[in-house]
Amino acid sequence: MSYNATVFNVMIASPSDVDVERSIIRSVVYEWNNLHSLQKQIVLLPLGWDTHSYPALGNHPQTIINEQVVKKSDILIAVFGTRIGTQTERYLSGTIEEISEHKKLGKPVMLYFSNKPVSLEKIDLDQYRILEEFKKSCKEEGIFSSFDDDVDFKEKLERHISLLINENEYILNQINSTNETMNYVNPLDIERNNILLEFHKLTVTSQEYMITLINSFNQKINSYKEVERLTNSFHNLINFYSVHLTVLSMFENYIKDIVKDVNTYVNIINLKSQSYLDENKQKILTETFNNIKKTLEEMRKHIMN
């Protein structure tokens with residue numbers, strides 16, 4: 001079943017020593033989609049430099065990753081094991097740069113540190129020392145989470161993602177913005193649909209005649225170059241009433257009242273136009289609608305006969 005949804009890109013940021021944790025993040029994200037995406041109309045899409053970047057030259061590799069992946073992300077999940085990662089031009093590691101760039105954009109970051117037991121032989125002590133210093137600095141900037149094993153990490157991440165989607169200000173604003181766009185209905189679209197519905201109720205002969213008349217209207221209006229130089233607000237007013245004149249002309253049952261209604265519209269437009277038109281332009285507009293009125297009278301005679 002297809003449905004509309006808001007898509008959030010979830011970037012997975014980490015050094016190279018937490019492959020298992022990266023897989024867990026992807027698994028949790030996919031599982032959240034399976035359980036919640038239809039009900040909430042939200043889809044989480046995992047991103048990573050290893051899956052969503054492409055070869056490019058001309059800049060530092062991390063800068064390229066920032067452009068290709070980080071800027072496209074809405075949520076960043078970062079996880080560290082015992083390594084800080086490879087130093088970049090500006091930061092202690094690529095992962096730290098990704099976190100910093102994401103924060104600058106005002107987007108949410110979820111940060112995790114592993115407490116899983118690791119053999120000392122596998123630890124790079126310099127990397128571990130720098131990582132511990134970074135971990136201490138994070139205590140002053142916000143809240144991070146630690147985990148003792150894979151199950152602990154998975155359970156915490158599942159809970160944290162649900163809380164983030166339900167409570168984070170950035171996420172909620174994005175959802176509301178999408179909903180407003182999806183729910184907006186242009187009144188002119190409704191008007192056009194109503195016109196088409198009434199048009200198809202006419203006989204084939206009347207439809208063909210109406211098309212001829214509409215083309216004639218357009219040619220007559222377009223022939224007056226001065227009208228094109230009117231102010232935008234008055235131009236919109238002309239279009240509005242022109243649409244209604246077209247709708248009126250489609251109603252076979254109301255043909256007898258068309259001329260009276262046209263006179264009403266002309267009077268309204270004349271009143272509205274006083275502050276916009278000089279005497280010469282007023283004359284041109286009045287002549288235009290007199291021609292339309294004359295054509296409508298011809299149409300009435302054609303259908304009545």
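How many of the 305 residues of the chain count as buried? In this predicted model, the share is 40%. The close-ups below visit a few places in the chain.

**View 1. The whole chain, before we zoom in.** The chain holds 12 helices and 5 strands. Take contacts between residues at least 6 apart in sequence: 73% of them join residues at least 24 apart. Keep that figure in mind for the views that follow.

**View 2. Helix α1 meets helix α6.** Here you can look at α1 (residues 19-40) together with α6 (residues 150-167). Two packed helices are described by the angle between their axes and the distance between the axes. The axes of α1 and α6 come within 10 Å and cross at roughly 40°, so the two helices are oblique to each other. Their crossing is right-handed.

**View 3. The residues where α1 and α6 touch.** On the α1 side, look for Val20, Glu21, Ile24, Ile25, Val28, Val29, Glu31, Trp32, His36 and Lys40. Their partners in α6 are Asp150, Phe153, Lys154, Leu157, Glu158, Ile161, Ser162, Ile165 and Asn166.

**View 4. Helix α4 under cover.** Is α4 mostly covered or mostly uncovered? Helix α4 (residues 94-104) is mostly covered, with 9 of its 11 residues buried. The buried ones are Gly94, Thr95, Ile96, Glu97, Glu98, Ile99, Ser100, Glu101 and His102. What lies over them includes the strands β1 (6-13), β3 (75-80) and β4, along with the helices α3 (61-68) and α5. After α4 comes Gly106, which has a positive phi near 75°.

**View 5. A pair of phenylalanine rings.** The structure has 6 aromatic pairs, and this view shows one of them, Phe113 with Phe144. A pair of aromatic rings is described by the distance of the centres and the angle of the planes. For Phe113 and Phe144, the centres are 5.0 Å apart and the planes stand at 75°, so the pair is edge-to-face. The two residues come from distant parts of the chain, 31 residues apart. Phe113 belongs to strand β4 (residues 109-114), while Phe144 sits in the loop between α5 (125-138) and β5 (145-147). Phe113 has a relative accessibility of 2%, so this residue counts as buried.

**View 6. From a pair to a cluster.** Which residues do ring pairs link into a cluster? The members are Phe80, Phe113, Phe134 and Phe144.

Methods: Residues are numbered from 1 along each chain as its sequence is written. This is a predicted model: local features need pLDDT of at least 70, side-chain atom pairs count only at pLDDT 80 or more; totals for chains, interfaces and linings use all residues. Side-chain values use heavy atoms; hydrogens and water are left out. Axes are lines fitted to C-alpha atoms, for helices over the stretch in contact, and angles run from 0 to 180 degrees between N-to-C directions. Helices (H or I, at least four residues) and strands (E, at least two) are DSSP runs, numbered from the N terminus. Angles under 35 degrees count as roughly parallel, over 145 as roughly antiparallel, 65 to 115 as roughly perpendicular and the rest as oblique. A crossing is left-handed if the near helix is turned anticlockwise from the far one by less than a right angle, and right-handed if clockwise. Contact means heavy atoms within 4.5 Å. Rings of Phe, Tyr and Trp (its six-membered ring) pair if their centres lie within 6.5 Å; planes under 30 degrees apart count as stacked, over 60 as edge-to-face and the rest as tilted. Buried means under 20% relative accessible area, exposed over 50%, partly exposed in between (1.4 Å probe, protein chains only).
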